[in-house]
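Keep the structure in view as you read.

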Amino acid sequence: GGGTSPFAGPISQRTSEDAPSPPLNVMAYNLSSTSIMVTWQPPQPTNGIIRGYQVNYFASGGSMVTMDTNNNATSTNLTGLVGYTTYTIFVRARTVILGDNSTSVMVTTNEDVPSSPQSFSLSPVAGSPTQLSASWSV
């Protein structure tokens with residue numbers, strides 16, 4: 001026979017954290033010839049507690065640079081970059097597991113001021129009391 005039994009009460013079990021979804025709305029802005037500001041929004045779903053983000057960037061033909069944040073900040077500045085260079089940037093969120101890449105964005109740093117001329121010299125032009133010849137290297 002069948003029957004009913006008394007209600008045993010709810011059972012609660014926490015599941016393990018999984019890799020988060022990619023961060024959303026990644027944007028980058030050139031601040032100068034050597035720095036870029038990167039902003040993003042947290043992933044949805046997070047699939048756990050976000051422990052930080054990994055910002056990855058590279059110039060065309062260059063090696064990947066990885067920078068980890070250990071907090072929930074959703075922006076960072078990339079510094080020490082090369083002037084008038086295009087960088088590809090993407091962000092990954094981290095729970096106990098590193099998530100997938102966000103959509104990549106590309107931004108070009110500002111042009112830098114030219115370097116000073118080297119070996120600058122002035123010399124008189126032979127036979128002319130009013131002309132000088134200037135020479136330099138870059």
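A nonpolar core is a set of buried Ala, Val, Leu, Ile, Met, Phe, Trp, Tyr and Cys residues joined through side-chain atoms within 4.5 Å. The model here is predicted.

Q: Which residues have the most contacts inside the largest nonpolar core?
A: The largest nonpolar core has 18 residues. Strands S1, S2, S3, S6 and S7 each supply at least two residues of this core. The residues with the most contacts inside it are Ile36, Val38 and Ile89.

Q: How far apart in sequence are the parts tied together by tyrosine 57 and tyrosine 87?
A: The two rings form an edge-to-face aromatic pair, 6.3 Å centre to centre, with 65° between the planes. Tyrosine 57 lies in strand S3 and tyrosine 87 in strand S6, so the pair ties together parts separated in sequence by 30 residues.

Q: Are tyrosine 57 and tyrosine 87 buried or exposed?
A: Buried means under 20% relative accessible area, and exposed means over 50%. Both tyrosine 57 and tyrosine 87 fall in one class: buried.

Q: Which residue meets glutamate 17 in a salt bridge?
A: Side chains of opposite charge can pair when their charged atoms come close. Glutamate 17 sits in the segment before S1, and its partner sits in the loop between S2 and S3, 34 residues apart. The N to O distance is 2.9 Å, and the partner is arginine 51.

Q: Why does arginine 94 count as buried?
A: Arginine 94, in strand S6, pairs with aspartate 68, in strand S4. Their side chains meet in a salt bridge at 3.4 Å, N to O. Buried means under 20% relative accessible area. Arginine 94 counts as buried because its relative accessible area is 18%.

Q: What separates the C-alpha atoms of glutamine 118 and tryptophan 136?
A: Glutamine 118 is found in strand S8. Leaving aside neighbours within four places in sequence, glutamine 118 is in contact with Trp136 and Ser137. Glutamine 118 and tryptophan 136 are 18 residues apart along the chain, yet their C-alpha atoms are separated by 5.8 Å.

Q: How far is the backbone oxygen of valine 82 from a polar atom of the side chain of threonine 85?
A: Threonine 85 is found in the loop between strand S5 and S6. The backbone oxygen of valine 82 lies from that side-chain polar atom at a distance of 3.3 Å.

Conventions:
Residues numbered from 1 in each chain as written. Predicted model: local features only at pLDDT ≥ 70, side-chain atom pairs only at ≥ 80, totals over all residues. Heavy atoms only, no water. Helix = DSSP H or I, 4+ residues; strand = E, 2+ residues; numbered from the N terminus. Contact = heavy atoms within 4.5 Å. Buried < 20%, exposed > 50% of the residue type's maximum accessible area, 1.4 Å probe, protein only. Polar contact = N/O pair within 3.5 Å; in protein donor to acceptor, adjacent residues only side chain to side chain. Phe/Tyr/Trp six-rings, centres within 6.5 Å; stacked < 30°, edge-to-face > 60°. Salt bridge = Lys/Arg side-chain N within 4 Å of Asp/Glu carboxyl O.
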